[in-house]
Each structure stands twice: as structure tokens, then as C-alpha cells.
Amino acid sequence: MDKFLIRGGKPLHGTVTISGAKNSALPCLAATLLSPKTVTLHNVPYVRDLITQRRLLEDLGAETLLLHKHTHKITASDIELFEAPYELVKTMRASVLALGPLLGRFGKAKVSLPGGCAIGTRPIDLHLRAFEKLGAEVSLESGDVVATAPKGRLQGADLEFKMVTVTGTENVMMAAVLADGTTTLRNAAREPEIEDLAELLNKMGAKIEGAGTSTITIEGVEELGEAEHSIIPDRIETGTFLVAAAITNGELTIENCQPKHLEAVINKLREAGVEIEQIDDTTLHAKCSKDGLRAVDVITQPHPKFPTDMQAQYMALMTQAEGTSVVVETIFENRFMHVAEMQRMGADIEIEGNTATIKGKKNLTGAKVLASDLRASASLVLAGLAATGETLIDRVYHIDRGYETIVKKISSIGGDITRIKESIAMSAENGE
Ligand code: EPZ
């Protein structure tokens with residue numbers, strides 16, 4: 001498996017360009033299954049998860065054409081398979097996003113029930129109950145979810161999620177666009193990625209209102225058509241580079257981002273002593289204040305509050321802040337896998353249940369560490385960039401899932417990071 005070798009202690013300076021949002025491109029690619037016509041998606045990030053999602057569409061029978069690595073033309077006119085196999089789902093849980101479109105358009109779907117992952121059990125019971133509310137029959141057959149619409153078409157319904165679920169909201173929204181009648185989703189997720197998906201679906205001919213709020217209404221239509229859409233920038237990659245500027249005591253210009261998608265992150269970082277200036281609608285400038293960083297508590301919550309996907313990166317920053325800070329993780333039950341690795345680098349962090357207490361400022365020293373999941377990997381890269389000495393991060397395939405050419409991007413702003421290749425082929429695929 002590939003590793004990253006980082007020689008830390010160098011402030012980052014320069015300009016970094018943000019890629020398209022992985023967590024918007026994944027449902028948007030799945031949404032192309034809802035139409036027999038061509039859907040063109042721009043600004044798709046060139047990361048492993050999107051390569052996997054594209055392969056799933058091809059396995060189902062869709063025709064995919066890459067005009068270049070960020071633009072996908074997808075035509076799902078000849079779908080002849082309605083299932084996502086275990087071998088694929090186990091590598092990427094977001095394949096469950098094929099359930100809603102297949103069920104909504106063809107009245108049938110069979111998708112391997114995703115297992116848990118490093119950060120939690122991550123069930124999809126809320127997705128399945130909602131499909132049943134739309135008139136689907138859902139059963140579990142040797143590890144596969146089998147869903148059918150007995151009447152051939154789902155029926156609109158009024159339903160409420162008992163807890164906020166991002167892909168649950170996306171899956172059910174996609175299932176409902178071709179249903180007979182109107183569907184109301186209450187306690188829906190409000191992430192920008194939900195709004196982006198709804199915008200694509202409406203361009204395809206759907207009738208969705210309220211995306212981005214807790215109540216979404218979907219008026220079923222007969223058929224969807226063609227569309228062209230550009231994926232929003234990745235707000236978590238943006239937040240990650242804001243932290244990178246501060247934790248290395250450098251100065252970065254971050255372009256092609258969408259500041260209004262990460263207001264809670266920007267506000268929290270400013271509270272902690274990061275000077276962030278909005279240059280224009282799509283550009284931020286960040287550096288650490290001359291007085292250094294302050295310990296500030298954070299609790300992760302659904303959008304528009306502070307996102308769980310920035311928790312590990314924020315914790316890395318708090319190791320460099322004067323004082324004691326408390327990080328509470330309320331979304332996933334096991335999202336502190338990065339803590340033990342940071343402790344190996346000298347961080348003073350104690351965990352009790354879903355609460356981590358960080359005592360700073362502690363100078364970090366480079367060490368051999370292990371990446372466990374996508375965002376934990378990003379936090380270890382940040383810690384390595386701040387540490388003195390060499391950090392060797394193993395299992396960096398996790399980070400390749402969601403950060404496009406991160407070695408190239410960090411090197412271009414003065415970071416000393418190299419990929420130690422396990423296989424030439426793999427590195428070529430990651431565009432580095
Ligand atoms: C999405 O995951 C994101 N993934 C995650 O990003 C993100 O961390 C998460 O939302 C929370 O913001 C994609 O969009 C592809 P949830 P998702 O359903 O939809 C529980 C990353 O790093 N739950 O909002 O799977 C669940 O266990 C990834 O890019 C149920 O109990 O998250 C969790 O505790 C990691 N039953 C909570 O709800 C269900 O049916 C929120 O999960 C569904 C969810």
C-alpha cells in the first residue's frame with residue numbers, strides 16, 4: 001500500500017485550487033440512472049470513489065464518456081442490471097445511492113447491504129423504511145437489500161426521518177422524483193450537497209422544492225430528460241486547506257471554493273485565531289494570527305452546524321493551540337481513530353466516550369502512523385506538516401478516496417510530501 005513521507009515544519013505559502021465535492025458528485029452520478037437521456041457533469045473530482053461510482057454505472061449498463069477527467073457524460077438508456085454487488089459496495093458504501101434511482105425508475109433494485117466502516121456501523125435502516133413508506137417492498141436476502149415497487153411505480157408519501165441522514169435524504173429524494181404523486185420529506189438533511197443534487201434533478205425535469213431546508217417536497221413526474229451541471233466545490237477540502245495554512249503558520253489563497261458552504265467552519269477557525277479573509281465569491285485567504293492559536297471547543301452536528309467531516313482536521317489544529325479544548329463527536333460512534341496516531345506524535349489528547357480533550361500547545365514530532373479513514377488521514381497529513389521531523393503515513397489509499405492529487409497540491413504550496421509507491425499503476429490512477 002502507498003505511503004506518504006512528510007518532512008514537517010515548513011510554512012505553506014501560495015494558492016491552492018479546490019476540486020469538486022466528492023459527496024455531491026457521488027449522488028449526482030447515481031442520479032443519472034433516473035434518465036434515459038445524456039447527463040453531463042462538470043467539475044467531478046478525480047478521486048477513487050468517483051472512479052468506483054462510474055464503474056458501478058457501467059456495470060449496470062450505462063454508457064459513460066469522460067470528455068476529460070473532470071467531465072463525465074453519462075447515458076443510462078440501456079440499463080439491464082439492477083443490482084450493486086457486495087464486492088463493489090464493500091469498497092464504497094455510497095453505492096447504496098443506486099437504490100433510490102433504480103427503484104424509482106425501474107421499480108426494482110438489489111444492493112448489497114453495506115457493512116460498517118472504521119467510523120461506525122452506519123446502518124441504512126432509515127433509507128429502507130422511507131422506501132417502504134413510498135410503497136416499496138423491501139427484504140433482506142443473503143446480505144442483499146431487495147426492493148421492488150409492487151405497482152411498478154412508487155407512490156408519493158408524507159414521511160419524516162427520525163434522525164438526519166445525508167445519503168438517506170438523497171436516496172429517498174431520487175426515489176421520489178418519478179413516483180406517482182407528491183412526497184414530503186421532513187427532518188431532511190440540509191447539506192449543500194443535497195441542494196446540488198436537487199438542482200441537477202430539477203435540471204433533468206424533476207419538481208423539487210425546499211432542498212437545503214428541513215422540509216423537501218417532490219412532485220412526481222413521468223420521465224426525466226437530459227441536463228448539464230457543474231458539481232459544487234468541496235467544502236471539506238476547503239476547510240482542510242484553511243487548517244493547513246494555520247497549522248503550518250503559513251499563508252494560503254484558496255480559490256474555486258464556496259465560502260457560504262462552510263460558514264460554521266470559518267467562524268470556528270476565526271474564533272480559534274485563524275485570520276480568514278473572503279477575497280471574492282469563490283476565494284478565501286487564510287493565515288494564523290500573530291498572537292497564535294486559541295483553544296476553542298467544538299461539537300459536530302448536521303449542517304449548517306460544524307461538520308463531522310472536519311472534526312479530525314480541527315483536532316489536529318487544536319494540538320497547536322494554547323489551552324485546553326473539548327471536541328464532541330455526535331454523528332458517528334467511532335470517529336476518533338486519528339487520536340492514537342496523533343498521540344504517537346506527541347499530542348496530549350484524552351478520550352472519554354464521544355468527547356476528546358486536547359491540551360495544547362504541544363510541539364509534534366514526526367512518527368510512523370496509520371491512516372484509518374478518509375478524514376483521519378487528512379488530519380495526519382496536517383499533523384505531519386506541522387511536526388518537526390519525518391512522518392510516514394501508511395494506508396493512504398483512504399485519502400486517495402476523497403482528496404484529488406493531494407501530494408501535488410501540497411507540494412505546490414511548499415509542503416515537503418512524497419508518495420512512496422506500492423504500485424506504479426495505483427499512483428498513475430491517482431494522477432500523481
Ligand atoms: C454522509 O454519510 C457523508 N458521505 C459522510 O462523509 C458524512 O460524514 C456524513 O454524511 C455526515 O455528514 C457521503 O455523503 C457519501 P448519515 P452518510 O446517513 O449519509 C446514522 C466523508 O468523509 N444513520 O448522515 O452515510 C448513521 O449511523 C464521509 O466524506 C442511521 O442510523 O451519513 C450516523 O450515525 C464520511 N440509519 C448518522 O445517522 C440510517 O439509515 C448520520 O449518518 C442512516 C444513518
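This is a predicted model: local features need pLDDT of at least 70, side-chain atom pairs count only at pLDDT 80 or more; totals for chains, interfaces and linings use all residues.
User: What makes D49 and R401 a salt bridge?

Analyst: The cut-off is 4 Å between a side-chain nitrogen of Lys or Arg and a carboxyl oxygen of Asp or Glu. The side chains of D49 and R401 meet at 2.8 Å, N to O. That value is within 4 Å, so the pair counts as a salt bridge.

User: Which helices supply at least two residues each of the side of domain 1 that touches domain 2?

Analyst: Those are α12 (374-386), α13 (397-400) and α15 (424-429). The residues on this side of domain 1 divide into nine nonpolar, six polar and 11 charged.

User: What is the area buried between domain 1 and domain 2?

Analyst: About 2,100 Å² is buried between domain 1 and domain 2, with carbon and sulfur atoms giving 50% of that area. Eight residue pairs are in polar contact across the interface, both partners at pLDDT 80 or more.

User: Where do the two domains lie in the chain?

Analyst: Domain 1 covers 3-19 + 233-429, and domain 2 covers 22-230. Their C-alpha centres lie 30 Å apart, and the contact takes 26 residues from domain 1 and 24 residues from domain 2.

User: Why is helix α10 called largely enclosed by the rest of the structure?

Analyst: A residue is buried when its relative accessible area is under 20%. Eight of the eight residues of α10 (residues 311-318) are buried, so the helix is largely enclosed by the rest of the structure. Among them are Q311, Y314 and M318.

Key. Residues are numbered from 1 along each chain as its sequence is written. Side-chain values use heavy atoms; hydrogens and water are left out. Domain bounds come from an automatic or database domain assignment. Contact means heavy atoms within 4.5 Å. Buried area is the accessible area (1.4 Å probe) that two parts lose on being put together, summed over both. A polar contact is a pair of N or O atoms within 3.5 Å; within protein, one must be able to donate a hydrogen and the other to accept it, and residues adjacent in sequence count only if both atoms are side-chain atoms. Helices (H or I, at least four residues) and strands (E, at least two) are DSSP runs, numbered from the N terminus. Ala, Val, Leu, Ile, Met, Phe, Trp, Tyr, Cys and Pro count as nonpolar, Asp, Glu, Lys and Arg as charged, and the others, Gly among them, as polar. Buried means under 20% relative accessible area, exposed over 50%, partly exposed in between (1.4 Å probe, protein chains only).
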